[in-house]
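The sequence and structure come first.

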Amino acid sequence: MNLAKLYPARAAEGRPVTAGLIGAGNFGSMFLAQVPHVEGLEVAAIADLDPDRATGHPRAGIRHAQTAISAGRHEVMVNVEADQPFAE
């Protein structure tokens, strides 16, 4: 699916894609820098476990993804830490 083609269509319909950002580290910051240049994409909220540090947290990434999926929400994850197996 090419999201870049879908955003302008949603903007034209008056219903932009609304995103929430969990994690304002490197990837999150790069994403936010691009948002103003993407017609039809809006960020409604930004959350981070530690705004002063804004680094990745594997368990938090997995927990947030599972919660979103369980709630029937779309999930786009860029979380290098959650890609790695970890011991409980």
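Beyond its neighbours within four places in sequence, Leu-21 is in contact with Gly-28, Phe-31, Leu-32, Ala-45, Ile-46 and Ala-47, where contact means heavy atoms within 4.5 Å. The model is predicted: local features need pLDDT of at least 70, side-chain atom pairs count only at pLDDT 80 or more, and totals for chains, interfaces and linings use all residues. Residues are numbered from 1 along each chain as its sequence is written, and side-chain values use heavy atoms, leaving out hydrogens and water.

Leu-21 sits in strand β1 (residues 17–22), and Ala-47 in strand β2 (residues 41–47). Helices (H or I, at least four residues) and strands (E, at least two) are DSSP runs, numbered from the N terminus.

Exposure classes are buried (under 20% relative accessible area), exposed (over 50%) and partly exposed (in between), with a 1.4 Å probe and protein chains only.

| Residue | Relative accessible area | Class |
|---|---|---|
| Leu-21 | 12% | buried |
| Ala-47 | 39% | partly exposed |
| Val-78 | 52% | exposed |

Val-78 lies in the segment after α3 (58–70). Together with Leu-3, Leu-6, Phe-27, Met-30 and Val-76, Val-78 makes a nonpolar surface patch of about 570 Å². At least two patch residues come from each of α1 (3–12) and α2 (26–34).

Note on methods:
Patches are made of residues with over 30% relative accessible area and no salt bridge: like charges are joined within 9 Å, nonpolar side chains (Val, Leu, Ile, Met, Phe, Trp, Tyr) within 5 Å. Accessible areas come from the Shrake-Rupley method with a 1.4 Å probe; for residues, only the protein chains shown count as cover. A salt bridge is a side-chain nitrogen of Lys or Arg within 4 Å of a carboxyl oxygen of Asp or Glu.
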